[in-house]
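These are my notebook entries on a structure that I had not looked up before. I set down each point in the order in which I looked it up.

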Amino acid sequence: MVTRVASPVRHPDPGFWAGKRVLLTGQTGFKGAWAARMLATLGARVTGFARAVQPGPSAWASLRVSDGLSREMTGDLCDTASLRDVVQGQDIVLHLAAQAIVSEGLRDPAGTWASNLTGTLNLLQALRGTPVQAAVIVTSDKVYANPANGAVRPFVEGDPLGGDDPYSASKAGCEIAVASHRASFADLPPLATARAGNVIGGGDFGRDRLIPDLVRAMQAGQPLMLRNPAATRPFQHVLDVVAAYLILAEDLAAGTAPPAVNFGPAGAELSVSALLDLWQEASPDMPKRQLSDQPPMPEKPRLALNSQLAETQLGWRARLDAGQAIQQTASWYAAWAKGHDMRDASDASLHDYLAGPIA
């Protein structure tokens, strides 16, 4: 039997990011907040562009994201004049802004399409004729069409795109829009799409997401209502995913990146029940689980990503396995619930991650 030797794990390059002018859309969101902090740690000069933060707890507030930004603009991706203004003078663009909740897409399909597809199209147009070196457009692991025969293997980048719900379909539409612009307009910077999803970590307070719903149930002393405990997803930690976006941007600027890349977890996908079992090992305050009696959303029973392209061409692979990702996430929320300074705690975990071993 041949034992495979894992390749070294690549880190974002501080030498690349130091002093870089970076436009980050969606810094008020969960992943966007962590991306802003990682970029600031690496020495980038970050401009944040997003809608106003909604009331309530958020990663943006907990991580005190604004303190690390060179400039922060409240704006809408449908405001083309503001987009053109903010893109000027940037070196790298990381586009994370989106309506990212599947259930919200069912409640407001038109708003979801406007935010995700129209907003992305507006940004692509704003990028034309600029000196931007690279633009990473974040989509989702949900951009793939389910096979008609129901068999699902881990998706690879060349698989057909699709989407049964408005969120998934709008993100698949973004993929098509990026590919179309890349083929049609020579005055665009290098573009690539990043496909990751089911990201967990401290600071996510989104509606109808597993970990935020779990935290809210714990705080309220109520059962955790589950839609589909047997559903499997490629759960992965936010630090691994944000690092992947930055590494993709580095290679895109160098002209060596693929046009679309999957970023999946270190191990196999997990069922919802298995993830909650890991949480129960990490936290003593696990609430009871209860199957929801609400009509289920149209969701894929299994979703898995093949990340071989990211490993072979970018040198990236996830560093935190499922147990580590859950442990770090549970610890973050436990500290947050006790009123700890989550900016300091989050920066400490971020520094540990960036300074970690490369093999």
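**Entry 1: Helix α8 and its surroundings**

I began with α8, where I listed L210, I211, P212, L214, V215 and A217 as the buried residues. I then looked up what these residues pack against, and found β7, β8, α10 and α12. I note here that the model is a predicted one.

I next read the backbone on either side of the helix. Just after α8, G221 takes a positive phi of about 65 degrees. In the loop between β7 (199-200) and α8 I found D208. D208 is not a glycine, yet its phi is positive, near 60 degrees. I recorded a relative accessible area of 28% for D208, so this residue is partly exposed.

**Entry 2: Helix α10**

I turned to α10, which spans residues 272-282 and has V272, L275, L276 and W279 buried. On which side of α10 do they lie? They cover an arc of only 95 degrees around the axis, and therefore they sit on the same side of α10. I looked up the partners of the buried residues of α10 and noted α8 (210-220), β8 (224-226), β12 (270-271), β13 (289-291) and α12 (322-337).

**Entry 3: The sheet**

I followed the strands of the open sheet and wrote down seven, in the order β3-β2-β1-β4-β5-β6-β11, with parallel pairing. The edge strands are β3 (71-74) and β11 (260-262), each of which pairs on one side only. From one strand to the next, I recorded an average twist of 15 degrees.

I then went through some of the pairs. Strand β1, residues 21-25, pairs with β4 in the parallel sense over four bridges, and V22 stands opposite I92 in β4. The pairing of β4 with β5 is also parallel and runs over four bridges; here I found I137 in β5 as the bridge partner of H95. Strands β5 (residues 134-138) and β6 (residues 191-195) pair in the parallel sense, again over four bridges. The bridge partner of V136 in β6 is A192.

I also asked what packs on the sheet, and found helix α9 (residues 238-254), which touches β4 (92-95), β5, β6 and β11. The direction of α9 makes about 145 degrees with that of β5.

**Entry 4: The side chains of β4**

Which residues point one way from β4, and which the other way? I noted I92 and L94 on one side and V93 and H95 on the other, all of them buried.

In the contact between them, L239, D240 and A243 of α9 meet S349, L350 and Y353 of α13.

I then looked at α4 (residues 80-87) and α6 (residues 109-127), whose axes come within 9 Å and cross at roughly 45 degrees. This angle makes α4 oblique to α6. I noted that α4 passes α6 in a right-handed crossing. From α4, the residues T80, L83, R84 and V87 meet G119, N122, L123, A126 and L127 of α6.

**Entry 5: A114**

I stayed with helix α6 to look up A114, which lies in it.

**Entry 6: R64**

My last entry concerns R64, which I located in the loop between α3 (59-62) and β3. R64 has a positive phi of about 45 degrees, although this residue is not a glycine. Is R64 buried or partly exposed? At 34% relative accessibility, I counted R64 as partly exposed.

Methods. Residues numbered from 1 in each chain as written. Predicted model: local features only at pLDDT ≥ 70, side-chain atom pairs only at ≥ 80, totals over all residues. Heavy atoms only, no water. Pairing = 2+ DSSP bridges. Helix = DSSP H or I, 4+ residues; strand = E, 2+ residues; numbered from the N terminus. Axes fitted to C-alpha atoms, helices over the stretch in contact; angles between N-to-C directions. Contact = heavy atoms within 4.5 Å. Buried < 20%, exposed > 50% of the residue type's maximum accessible area, 1.4 Å probe, protein only. Arc of directions from axis to C-beta. Parallel < 35°, antiparallel > 145°, perpendicular 65-115°, else oblique. Left-handed = near helix turned anticlockwise from the far one by under 90°.
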